[in-house]
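Let's take a walk through this protein together.

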Amino acid sequence: MELIKSIADDADIDETIKGSNLAELFKKDLVLDEVKNFIETNQDGKQYLKSYGDKRVTDGIKSWKEKNLQTLINDEVLKSTGKKKTPEQLKIEELEKKMLESEAKAQKAEKVAKYKDVLAEKKIPMEMIDYFLTDDEETTNTRIDNFSTYVNDMVNSNVKEKIANGSYTPPGENGAGDLTVDDLAKMMM
């Protein structure tokens, strides 16, 4: 830098450099290790490398956005709305949906048939099957058993209560609740 400061405005730069040790530096071939060392150890070299890397990454992102981003956005929007599907894809989706619905109906019908006898055995109306059915057989059986137990316990409790209170009157033949002599005679025969 001192050499350049001392050069006159009209002096020949080439001649000035040739006569100094600066010319020796320019004759020397650059070695990759020396460049790496300069960039890694010199503060100016580090700043240059950082700004160069940032610029290259920023340019790469900008270029990618210009070339690809809008296309990707458009593809995703069309895919989510279903407008980019071919007629064959739409037909396949419709058929898959119908097939899944049919399988679900068939499975439900199979379960209803399976539990029809269980409900009849426990004297539970068939109309209540939808309240008990689940995907898990154990859960379905537990629900049916719990319901049956609850109803039986409730009925037994009410019967015991009426008998304990003495409010139960066995019906007579005439439906009045009082047994007549004729009723007793018929029962003994």
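Start with Thr140, which sits in helix α8; helices here are DSSP runs of H or I with at least four residues, strands are E runs of at least two, and both are numbered from the N terminus. At 0% relative accessibility, Thr140 is buried, where buried means under 20% relative accessible area, exposed over 50% and partly exposed in between, using a 1.4 Å probe and protein chains only. Leaving out residues up to four places away in sequence, Thr140 touches Tyr115, Phe132, Leu133 and Thr134, contact being heavy atoms within 4.5 Å.

Before going on, a word about what you're looking at: this is a predicted model, in which local features need pLDDT of at least 70 and side-chain atom pairs count only at pLDDT 80 or more, while totals for chains, interfaces and linings use all residues. Residues are numbered from 1 along each chain as its sequence is written, and side-chain values use heavy atoms, with hydrogens and water left out.

Now follow Thr140 to one of its partners, Thr134. Thr134 lies in the loop between α7 and α8 (137–165), and with 16% relative accessibility it is buried too. Neighbours within four places aside, Thr134 is in contact with Lys111, Thr139, Thr140 and Arg143.

Which residues make up the largest nonpolar core? Tyr115 is in it, along with Leu119, Ile124, Ile129, Phe132, Leu133 and Ile144, for 7 residues in all. A nonpolar core here is a set of buried Ala, Val, Leu, Ile, Met, Phe, Trp, Tyr and Cys residues joined through side-chain atoms within 4.5 Å. Helices α6 and α7 (129–132) are the elements that give two or more residues to this core. In soluble globular proteins, nonpolar side chains tend to be buried together.

Staying on α6 (residues 87–121), look at Lys114. Lys114 is partly exposed, at 43% relative accessible area. Its side chain makes a polar contact of 2.5 Å with that of Glu137; such a contact is a pair of N or O atoms within 3.5 Å, where within protein one must be able to donate a hydrogen and the other to accept it, and residues adjacent in sequence count only if both atoms are side-chain atoms.

In the loop between α6 and α7 you'll find Lys123, which is exposed at 76% relative accessibility. Lys123 has a positive phi of about 60 degrees although it is not a glycine. Most residues other than glycine have a negative phi.

Finally, step back to the whole protein. How many helices and strands does it have? There are 9 helices and 0 strands. Of its 189 residues, 10% count as buried. Among contacts between residues at least 6 apart in sequence, 13% join residues at least 24 apart.
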